Amino acid sequence: PRKIIIDTDPGQDDAVAILLALGSPELEILGMVALAGNVPLALTEKNTRKICELAGRPDIPVYAGAVRPLVRTLVTAEHVHGETGLNGPALPEPTMPLQEKHGVDFIVDTLMREEPGTVTLCTLGALTDVAMALARKPEIAPRIKEIVMMGGGFFEGGNITPTAEFNIYIDAHAAEVVFASGIPITMMPLDVTHKALSSPERIAAIRALGTKVGEATATMLEFYERFDVDKYGSRGGPLHDPCVIAYLIQSELFSGRHCNVEIETRSELTYGMTVVDWWGVTDRKKNATVMREIDPDGFYKLLVERLGRL
Ligand code: BDR
Ligand code: CA
């Protein structure tokens with residue numbers, strides 16, 4: 001199996017991504033790091049443990065990472081995810097422990113211990129922990145197999161400002177560090193994730209699994225999709241973060257292009273924008289594979305099947 005570290009800020013869509021990973025034998029989860037994002041760290045780390053316990057996996061080590069972005073103050077998204085970050089199902093308080101080691105140290109130590117080129121970082125939130133790990137131990141950069149991230153948007157625009165996607169926006173300075181690091185990056189932007197929408201039929205298929213995980217996931221998605229349905233008249237809620245995990249299991253569901261991506265950090269108007277040179281109009285170095293298309297039916301089929309294994 002492919003070794004991964006999940007860095008996350010649950011978040012219902014993060015939770016579904018974690019469940020998809022836990023249900024997939026192709027992946028070996030070395031640990032999860034929660035950081036501040038959708039809601040503050042005290043909630044995201046607890047939510048991460050709740051999801052592990054829901055899946056019957058209290059053995060997965062969960063660490064706490066960054067409390068705040070590198071430079072700016074934290075912006076959260078309770079308007080999307082609710083006060084707890086995981087509004088919807090009534091999940092019990094977790095009993096599994098939060099690991100004592102700091103999440104950034106866990107990332108550094110794991111990468112220094114494992115064979116170079118074998119560990120993939122899956123980032124489902126801001127890039128703060130990865131940027132901190134690179135600052136703490138630059139030698140980790142060439143040892144990382146790949147970073148597969150949910151973040152950015154280009155043709156589709158932004159979701160927190162007209163030009164910025166939330167994960168990049170909340171710590172654009174960290175994103176700038178990561179995109180300049182030379183580490184292979186695969187990016188799942190809004191251009192992809194806005195095509196991975198939930199719908200009443202898709203949620204019904206998850207509920208029809210008839211399991212605890214199926215019921216909790218369906219309830220989570222019903223809460224989560226109300227934001228996009230009410231605000232934008234969308235057909236459902238975008239399953240952003242699960243696209244990262246689906247890509248690792250079935251990459252043929254996605255297509256995109258290897259190109260240059262730079263992060264805007266200086267302009268107030270477009271702060272946090274991912275400037276994608278899709279057409280190759282500059283000679284700037286290609287540093288990321290930017291996905292643009294997804295097979296949404298194939299994606300949901302995979303999701304339902306894997307949730308059914310938990
Ligand atoms: C991203 O922001 C968060 O609210 C979601 O969990 C996802 O990671 C989408 O912009
Ligand atoms: Ca997230």
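These legends describe close-up views of a predicted model.

**View 1. Helix α9 packs against helix α10.** Helix α9 spans residues 200-207, and helix α10 spans residues 212-232. Their axes lie 7 Å apart, at an angle of about 155°. Angles over 145 degrees count as roughly antiparallel, so α9 and α10 are roughly antiparallel to each other. From α9, the contact residues are I203, I206 and R207. Facing them in α10 are G214, E215, T217, A218, L221 and E222. Sorted by class, the contact of α9 with α10 holds 4 nonpolar, 2 polar and 3 charged residues.

**View 2. Helix α1 packs against helix α10.** Helix α1 covers residues 12-22. The angle between α1 and α10 is about 155°, and their axes are 9 Å apart. These two helices are therefore also roughly antiparallel to each other. The crossing of α1 with α10 is left-handed. On the α1 side, Q12, D13, A15, V16 and L19 make the contact. On the α10 side, V213, T217, M220, L221, F223 and Y224 take part. The contact of α1 with α10 comprises 8 nonpolar, 2 polar and 1 charged residues.

**View 3. A shell of 15 residues surrounds ligand 1.** The closest residues are G11, D13, A77, F166 and H240. Helices α1 and α6 (166-170) each contribute at least two residues to the shell. By class, the shell around ligand 1 contains 5 nonpolar, 6 polar and 4 charged residues.

Note on methods:
Residues are numbered from 1 along each chain as its sequence is written. Chains are lettered from A and ligands numbered from 1 in the order in which they are written. This is a predicted model: local features need pLDDT of at least 70, side-chain atom pairs count only at pLDDT 80 or more; totals for chains, interfaces and linings use all residues. Axes are lines fitted to C-alpha atoms, for helices over the stretch in contact, and angles run from 0 to 180 degrees between N-to-C directions. Helices (H or I, at least four residues) and strands (E, at least two) are DSSP runs, numbered from the N terminus. Angles under 35 degrees count as roughly parallel, over 145 as roughly antiparallel, 65 to 115 as roughly perpendicular and the rest as oblique. Two residues are in contact if their C-beta atoms, placed from the backbone, lie within 7 Å. Ala, Val, Leu, Ile, Met, Phe, Trp, Tyr, Cys and Pro count as nonpolar, Asp, Glu, Lys and Arg as charged, and the others, Gly among them, as polar. A crossing is left-handed if the near helix is turned anticlockwise from the far one by less than a right angle, and right-handed if clockwise. A residue is near a molecule or strand if its C-beta atom, placed from the backbone, lies within 6 Å of it.
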